[in-house]
Amino acid sequence: MPKLDIGKGGECVKDTQWMRKNHMHMLKHQRDETVHKGNREGSSLKDCIECHASIKDDSVIAREDSFCVACHKYEAVKLDCFECHSGLRKSAWLKRDAK
Amino acid sequence: MSDIDFQRRNFLKTAAGAALVTVAPGMLLFDVAHGKQIEAGKVRWGMLIDTAACKPGCNDCVTACNKENGLSGGTAATDSQWIRKIEIKDISSGREVSLPMMCQHCEHPPCVDVCPTGASFKRADGIVLVDKHRCIGCRYCMMACPYKARSFVHEPLHDQNPDVPRGKGTVESCTLCVHRIDQGGQPACAEACANKVILFGDLNDPNSEIAQKVKAVVSTQIRADLKLNPGVRYQGL
């Protein structure tokens with residue numbers, strides 16, 4: 001099993017096993033809710049990143065053992081989200097942007 | 001499109017809706033979505049642009065847009081431009097006008113009509129957007145738009161604003177800063193303009209500043225002959 005950097009971690013919206021199996025369905029549902037209906041409440045990719053971005057580099061995709069990358073690499077599932085979405089924690093992005 | 005088409009579409013929508021809801025008494029086929037919802041026809045976001053107050057050479061709205069949405073600020077054919085400053089001159093009188101030009105957020109958007117995948121769509125509150133999850137980058141919408149408002153992303157991007165996802169191979173345009181509007185804010189360009197040229201608000205709310213002003217002053221829609229009913233109106237053209 002891959003060892004991954006879970007960031008802040010803590011209690012998620014559902015238990016770990018459920019999330020492992022179903023996180024993609026949640027993301028897909030939420031993307032239509034947000035893009036088409038403007039509903040930005042509830043779970044979102046941004047919220048996932050907020051908790052799970054590494055404490056070290058504020059990213060879910062920067063390293064081999066980053067939260068998203070580690071499993072997706074192990075399972076050989078291509079990760080498309082971050083072609084467009086930022087993998088950085090918003091607060092970290094703001095800090096970087098201000099420089 | 002004629003009125004008959006619209007009515008037919010509305011009839012079909014209502015019929016389909018009624019059929020869905022009444023499959024069995026007390027049973028709903030779909031889960032009623034939680035959270036805040038935008039209702040169709042209730043809000044119509046729009047802008048009124050006072051060209052008399054717009055200073056030639058001032059680029060503050062464009063700069064603010066570029067910063068907010070993470071655009072490079074380049075003006076080459078392959079660079080994304082969501083808002084442009086345009087200087088026009090009436091040759092016979094010599095009168096010059098300066099104005100910002102962006103997606104006009106039409107009520108009947110041609111970009112939505114031509115989109116083969118349903119990526120180009122109009123939100124219930126009148127904002128015309130690209131769902132980049134569905135965009136295949138065919139660029140029909142760019143050809144259909146009479147305002148030249150849309151851009152195509154040619155190169156891979158990095159370090160996007162977490163609130164404004166953008167990526168290679170998709171078409172994009174002014175979103176009216178939808179991420180700010182959903183949070184109760186206003187578009188970056190309207191906020192940045194020192195001369196208060198861009199008035200943003202709800203055209204459907206008779207008490208809003210923009211609705212009052214649209215009622216009181218002469219304003220025009222660009223290419224009104226196309227009957228697209230843009231949400232962006234210009235004053236003093």
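**Exercises on a predicted two-chain model**

Helix 7 (residues 209–216) of chain B lies across strand 1, strand 8, strand 9 and strand 10 of chain B, and runs at about 110° to strand 8 of chain B. Here helices (H or I, at least four residues) and strands (E, at least two) are DSSP runs, numbered from the N terminus, while axes are lines fitted to C-alpha atoms, for helices over the stretch in contact, with angles from 0 to 180 degrees between N-to-C directions. This is a predicted model, in which local features need pLDDT of at least 70 and side-chain atom pairs count only at pLDDT 80 or more, whereas totals for chains, interfaces and linings use all residues. Residues are numbered from 1 along each chain as its sequence is written, and chains are lettered from A and ligands numbered from 1 in the order in which they are written.

**Exercise 1.** Find the strand order of the open sheet of four strands in chain B, and name its edge strands.

Solution. The order is 8-1-10-9, with mixed pairing, where two strands pair if DSSP finds at least two bridges between them. Strand 8 and strand 9 (219–220) of chain B each pair on one side only, and they are the edge strands. Strand 1 and strand 8 of chain B pair in the antiparallel sense over five bridges, and Ile49(B) has Ile198(B), in strand 8, as its bridge partner.

**Exercise 2.** Work out which residues touch the most other members of the largest nonpolar core.

Solution. A nonpolar core is a set of buried Ala, Val, Leu, Ile, Met, Phe, Trp, Tyr and Cys residues joined through C-beta atoms within 7 Å; a residue is buried if 20 or more other C-beta atoms lie within 10 Å of its own, exposed if 12 or fewer, and partly exposed in between, with C-beta atoms placed from the backbone. The core has 46 residues, and Ile49(B), Cys65(B), Ile83(B), Cys189(B) and Ile198(B) touch the most other members. Strand 1 of chain B gives the most to this core, with four residues. Four of the five residues of strand 8 of chain B are buried.

Conventions
Contact = placed C-beta atoms within 7 Å.
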